[in-house]
Amino acid sequence: MTEPHPRRAAVTGIGVIAPNGASTESFWKSTQEGLSALGPVTREGCEHLPLRVAGEVREFEPSAAVEERYLVQTDRFTHFALAATDLALEDARLGQADTGEAPYSVGVVTAAGSGGGEFGQRELQRLWGKGSRFVGPYQSIAWFYAASTGQVSIRRGFKGPCSVVASDEAGGLDALAHAARAVRRGTDVIVAGATEAPLAPYSVVCQLGYEELSTCDDPERAYRPFTQGACGFVPAEGGAMFVVEAESAARERGARVRATLAGHAATFTGASRWELSREGLVEAIRAALADAGCAPEEIDVVFADALGVPEADRAEALAIADALGAHGRRVPVTAPKTGIGRGYGAAPVLDSAAAVLAMEHGLIPPTPHVVDVCHDLDLVTGRARPAELRTALVLSRGLMGSNSALVLRHGATGAS
Amino acid sequence: MSDRITVEELAELMKKSAGITVASDDLQRQYDIGFDALGIDSLGLLGIVGELENRYGTPMPPDAERSKTPRQFLDQVNSALLAGA
């Protein structure tokens, strides 16, 4: 097959801060073991709210990871982004000395679905409790979707092309795709990903209106997509950042090419119109495969969106079959996010991180809490399944109607 | 609370509002160093001004938030406090 993109975008670094691990290594260990990090919502001010179970990040100490001057002016979702960026750059072996030499060659792309709710709530409480003179000036930037892109670029001195994708949960994949396009257009390095912190009281209240939200109080049963017991999704915080660079340049500098971002496409089918998301996903998958120059049979594993709403689960199972044909009924499908929850825009980036790690380890992580699958899917449950994995497909849908598909190739496969 | 803002209070506000820790005797020695070199951006300085206005119950001169150095800043805010006294 001809190579569709002469300047391939490689993933050379991954940094994860997730409910099941505040480093890429601990995230993978928990993910491949199928351990669940879902638990009661313990955040102050949330105790009385009807959301009972979530994926909280508990092993992360912001002050140990980020300088105080950045902490005072940023929300928790940006703390995650700053810390995950450090992990990703360290993984890619790109230090301040490397990026400092050519600051305009490094850019940042993030996606965010909910912005800085905790910071915003604190300042709004000052506004209505004490008056406008008591609102801190950093409120003007901290709550905003774009805060993480801005603060990552400022803190690391990156002056290359920067952007923010606001396209729902699926935005996490769109941000990685945007990074790949920037690299193909000539930027050396893009730090890309998504982090979210939707577990402050104000943010939780905003989510209570979603009929797809699971209010089940049992962490074992709250989020079980593709089963008869599916009763919605459990939200999560955290996320991941990737270092994306031109594959040739990465190999030249001796960096480890962990994967390539081979193809992507996105569609839109309307808020909560889950039946229609079937054709939206099919179109996204087909276009992503075409973008990657990839045949359906080449897909070795699918990381499902796995919303946990019966109608949406059915639409996704059918979409996989429609788009991949007979292969769609044989290909292993997994949804490790049932062990950590859905981190909105961060969810598909965490899935992409898991996909890269799965390809590296030749191991498909299981789908925690899910036992009896009621759809025609080969869903990996119980324990991780060994498999030779060269190509992974990651799917994502947003509550507001975005659908997105990303094809990732194993790093070693791309060696030319 | 004294009737003029000391370097100690400025150091405390720099930590509280901008997350920058500088010992007050170090700050005294760096009276003419730029706020930018100390790591305080314009929003950080604006936060310090707002905090002072709330503490002292009096508006600070508009130029206070445009001060480049601790010396300029203390001169500005203390002359405003003196004039208001």
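Guide: Let's start with A:Ala179, which touches A:Ala9, A:Val109, A:Ile190, A:Ala192 and A:Val244, leaving aside residues up to four places away in sequence; contact here means C-beta atoms, placed from the backbone, within 7 Å. Keep in mind that this is a predicted model, where local features need pLDDT of at least 70, side-chain atom pairs count only at pLDDT 80 or more, and totals for chains, interfaces and linings use all residues. Residues are numbered from 1 along each chain as its sequence is written, while chains are lettered from A and ligands numbered from 1 in the order in which they are written.

A:Ala179 is, with A:Leu176 and A:Val244, among the residues with the most contacts inside the largest nonpolar core, which has 133 residues. Such a core is a set of buried Ala, Val, Leu, Ile, Met, Phe, Trp, Tyr and Cys residues joined through C-beta atoms within 7 Å, where buried means that 20 or more other C-beta atoms lie within 10 Å of a residue's own. Helix α15 (residues 346-361) of chain A gives the most to this core, 11 residues; helices are DSSP runs of H or I, at least four residues, numbered from the N terminus. Because domain 1 (9-252) and domain 2 (263-411) of chain A both give residues to the core, it lies between them; the domain bounds come from an automatic or database assignment.

Apart from this core lies another, of 20 residues, including B:Leu10, B:Ile40, B:Ile48 and B:Met60. For chain B, the mean pLDDT (the predictor's confidence in each residue, from 0 to 100) is 91, and 96% of its residues reach 70 or more.

Methods. A residue is buried if 20 or more other C-beta atoms lie within 10 Å of its own, exposed if 12 or fewer, and partly exposed in between; C-beta atoms are placed from the backbone. Helices (H or I, at least four residues) and strands (E, at least two) are DSSP runs, numbered from the N terminus. Two residues are in contact if their C-beta atoms, placed from the backbone, lie within 7 Å.
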